[in-house]
Amino acid sequence: MSVLVVYSSRTGNTRKVAEAALAALPTQVVLAPVEDSPAPGEHQAVIIGFWVDRGRPDPKTLKYVKKLKGLKVAAFGTLGAQPDSPHARDVLRQTEKVLQGNELLGMFLCQGRVDPAVVETMKRSGHHPMTPERLANIQEADRHPDKTDLENAQSFFKNLYDTIAKEK
Ligand SMILES: Cc1cc2nc3c(=O)[nH]c(=O)nc-3n(C[C@H](O)[C@H](O)[C@H](O)COP(=O)(O)O)c2cc1C
């Protein structure tokens, strides 16, 4: 059995999660950046790793998932917001939508440091007022993904792998 993990990462957070998960899994897991456009069909399942861009999976991921039809899939993502926030729930809904037509086995989100240049742009644009809550959230995101996030991701991946192996 082989599983493909395809990830998209602009500043490294999502790559870190993908690599940590890979370390916890059997050798039949293939890790590839989305830029390599790996063929999904040869694997028993495809796990998609994305970063959140304006409430949805990032554009490279959106393009890649169009190739997936009738496959067992799962997804993990990193975002600036808290993973238990209404915004994160929205992200999960959007992710589910773009993976329609496949069998979705699970999803996982954790926080990821927001590029300081992006934070500056947000401050200047006025579209995202820097409320104390938003600022605290960005400061918290700065410490992620942390050890606990990576451990949680590893448990998510292990459970997923067991499910896929059982269904085979
Ligand atoms: C252009 C842009 C848009 C973003 N939009 C969101 C967003 O809508 N919600 C959110 O929680 N985080 C957002 N973020 C934060 C990233 O999703 C987060 O920092 C992520 O961990 C980056 O992952 P990476 O290091 O793998 O690129 C955005 C970041 C950028 C650069």
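## Around the ligand

Of the 20 residues around the ligand, Ser9, Arg10, Thr11, Thr14 and Val52 come nearest. The model is predicted.

An oxygen atom of the ligand is 2.6 Å from a polar backbone atom of Arg10. Thr14 uses its side chain: an N or O atom there is 2.7 Å from an oxygen atom of the ligand. His87 also uses its side chain, with an N or O atom 2.8 Å from a nitrogen atom of the ligand. These distances count as polar contacts because the cut-off is 3.5 Å between N or O atoms.

How much of the ligand does the protein cover? On its own, the ligand has 650 Å² of accessible area, and the protein covers 85% of that.

## The pocket and its elements

The ligand takes up the space of the largest pocket. Strand β3 gives the most, with 3 residues.

## Aromatic pairs

The count of aromatic pairs comes to 3. One of them joins Phe76 and Phe157. Their ring centres are 5.1 Å apart, and the planes make an angle of 65°. The pair is edge-to-face because its angle is over 60 degrees.

Where do these two residues sit? Phe76 is in strand β5, and Phe157 is in helix α6 (residues 147-167). They are 81 residues apart, so the pair links distant parts of the chain.

Terms used:
Residues numbered from 1 in each chain as written. Predicted model: local features only at pLDDT ≥ 70, side-chain atom pairs only at ≥ 80, totals over all residues. Heavy atoms only, no water. Near = heavy atom within 4 Å. Polar contact = N/O pair within 3.5 Å; in protein donor to acceptor, adjacent residues only side chain to side chain. Areas by Shrake-Rupley, 256 points an atom, 1.4 Å probe, with all protein chains shown as cover. 1 Å grid on protein atoms, 1.4 Å probe; cavity = no way out; pocket = protein on both sides within 12 Å on 5 of 7 lines; lining within 4 Å. Sits in = over half its atoms within 2 Å of the grid points. Helix = DSSP H or I, 4+ residues; strand = E, 2+ residues; numbered from the N terminus. Phe/Tyr/Trp six-rings, centres within 6.5 Å; stacked < 30°, edge-to-face > 60°.
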